[in-house]
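This report covers disulfides, salt bridges and strand pairing. The sequence and structure come first.

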Amino acid sequence: AAPGTYSVCLTITDNCQLTRTIQQDVTVPPYTLTITPNPLVACKGGIGQIRYELNLQGGSGNGNQTLPINLQASVTGASGITISGIEFNAAGSAVILTPIDGTTTIANLELAIPASVPIGTILTIQLDYCAAGVGGTIITTLTVQDCGEFTCPCTGVNAYNIDANVFANSKLSTSFLPQNGLTNACLAIRGSFQIDKDYTISGGEIRMQPGSSINIIRDNPNGSPITVGFDDIKENGGIHGCTAMWEEIIVGQNETLNFTKNTISDAEKALKLVNQSNTLISRNTFDNNRISISVTGSPSTKCLPNSRINLNTFTSTGLQLIDGTKVDNAIKVRYGGLIIGTPNDPLGPWNRFNKIGNPINAFESFVNVGTALMTDFDEDGNERVGINATSNSILSVANSSITGAYTGIIFSGLVLQAYSNNIINSQRNGIETFNVSWTGIIEKQNHISNLGEGVIGVLFTGSPSLLRINENFFTHDG
């Protein structure tokens with residue numbers, strides 16, 4: 001009700017059919033309505049965006065009650081501009097149900113700006129509002145600028161185009177995206193977009209423009225770590241590029257990414273994990289990425305993310321990337337450490353690698369691989385290598401299968417452990433080691449076989465400080 005005093009009459013009839021009337025005065029205090037405009041961007045030949053924050057206090061009742069706020073937007077300064085948005089209709093009208101307990105509600109206004117509007121044009125947006133006797137007008141201006149073009153913009157209902165090269169859209173908390181999460185939407189990202197708060201994107205698709213990236217990191221390094229979810233993003237190719245490769249999704253230090261049931265493709269480095277980042281990477285399809293998971297530190301500072309990686313598929317269905325080249329590695333670790341799969345559980349969930357020349361590559365790193373299934377290598381000759389671990393790496397492999405590689409494992413590190421039920425079925429050598437001093441433990445039901453020109457099950461050079469080869473099967477099937 002509008003503010004004021006009302007006389008309320010209540011008629012009561014009991015079981016004995018006696019009727020009585022109670023009259024009582026009820027006073028509704030005035031409302032306080034605050035609308036804060038956040039002008040975001042106005043792109044020549046693209047869109048203009050204003051995010052209005054509505055805050056309503058007063059009235060009577062509990063926090064579950066809402067009041068409809070009537071909004072009417074109009075724009076002057078150029079011709080041919082039309083109004084749209086999730087909340088606004090083409091006539092510029094919107095009705096926003098706003099809680100009376102002070103909870104902020106968002107109304108996003110979008111303007112379609114023709115390419116004929118000159119750069120530098122100032123658009124004036126008038127927003128008239130009224131609710132329960134409270135009304136007023138808010139004037140906001142936007143300056144048209146050259147934002148570049150989206151190669152594959154999103155269109156239609158529940159579509160968002162984020163140009164992170166524009167300052168207001170460079171991070172989530174100041175962008176026009178819904179602040180409580182995104183569901184079954186089409187999201188296009190241009191530039192480097194920062195997710196700086198807890199957030200979940202579920203369903204729909206993400207169209208990564210050429211060279212674009214997503215950086216998951218909070219603004220204040222001393223603040224609370226953030227948790228971000230990407231879940232079931234599969235529609236129309238899931239997270240994908242357009243006509244060229246996009247860069248990466250970076251998970252910042254101490255931040256958490258739950259990355260589950262997605263399809264992701266066309267990236268230089270689909271997921272880049274930094275030191276002490278936290279990730280659950282499960283049930284995804286990584287397709288046609290130059291590198292699907294990247295861990296990179298430095299000689300002085302090792303990169304040690306906390307990750308669970310299981311039940312994923314790493315593949316290259318098109319046999320080449322969008323730029324005409326081939327996949328480098330499914331997983332690449334340099335100066336870091338990573339656990340891939342469940343090494344200590346022979347029945348654990350598998351990660352599957354197919355049509356990739358060298359699925360796992362490690363350089364001066366610790367890598368622990370379990371329940372990995374590698375098949376159908378997409379390379380010619382000696383480039384088909386299941387696991388390549390070099391330069392003082394420590395490699396442990398258990399309960400895994402490498403079938404069809406030219407060489408199963410190439411190792412020139414410090415410690416190699418191949419134990420417990422590995423199957424290596426290679427065209428040439430099963431395991432090759434190249435180092436002056438190293439430790440090797442190859443035991444417990446490994447089955448190493450050769451096909452075709454198969455030569456040696458285990459080939460080692462140098463002077464190993466410890467070499468133990470026990471309880472294995474060596475066969476030649478060619």
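## Disulfides

A disulfide is here a pair of cysteine sulfur atoms within 2.5 Å. The model is predicted, so local features need pLDDT of at least 70 and side-chain atom pairs count only at pLDDT 80 or more, whereas totals for chains, interfaces and linings use all residues. Residues are numbered from 1 along each chain as its sequence is written, and side-chain values use heavy atoms, with hydrogens and water left out.

Two disulfides are present. One of them joins cysteine 154 to cysteine 186, with 2.0 Å between the sulfur atoms. The angle about its S-S bond is -70°, and the link of cysteine 154 and cysteine 186 is left-handed. Cysteine 154 sits in the loop between S10 and S11, while cysteine 186 belongs to strand S13 (residues 186-190), so this pair ties together parts 32 residues apart in sequence. Strands are DSSP runs (E, at least two residues), as helices are (H or I, at least four residues), and they are numbered from the N terminus. Both cysteine 154 and cysteine 186 are buried, where buried means under 20% relative accessible area, exposed means over 50%, and partly exposed lies in between (1.4 Å probe, protein chains only).

Cysteine 152 and cysteine 242 form a disulfide with their sulfur atoms 1.5 Å apart. This pair links distant parts of the chain, 90 residues apart: cysteine 152 is in the loop between strand S10 (134-143) and strand S11 (159-163), and cysteine 242 is in the loop between strand S19 (239-240) and strand S20 (246-251). Cysteine 152 is buried at 15% relative accessibility, and cysteine 242 is buried at 18%.

## Other cysteines

Cysteine 130 is partly exposed, with a relative accessibility of 40%. Cysteine 303 has a relative accessible area of 2% and is buried.

## Salt bridges

The structure contains nine salt bridges, each a side-chain nitrogen of Lys or Arg within 4 Å of a carboxyl oxygen of Asp or Glu. Among them is the pair of glutamate 205 and arginine 207, whose closest N and O atoms are 3.1 Å apart. Glutamate 205 is buried, at 4% relative accessible area. Lysine 234 and aspartate 232 also meet through their side chains, at 3.7 Å from N to O. Lysine 234 is partly exposed at 44% relative accessibility, and aspartate 232 is partly exposed at 35%.

Another salt bridge is made by the side chains of lysine 302 and glutamate 364, at 3.7 Å from N to O. Lysine 302 lies in the loop between strand S26 (291-296) and strand S27 (306-310), and glutamate 364 in the loop between strand S32 (360-363) and strand S33 (366-370), so the pair ties together parts that are 62 residues apart in sequence. Lysine 302 is partly exposed, at 32% relative accessibility. Glutamate 364 is partly exposed as well, at 22%.

## Pairing of strand S32

Towards S35, asparagine 361 stands opposite asparagine 388.

Methods. Two strands pair if DSSP finds at least two bridges between them.
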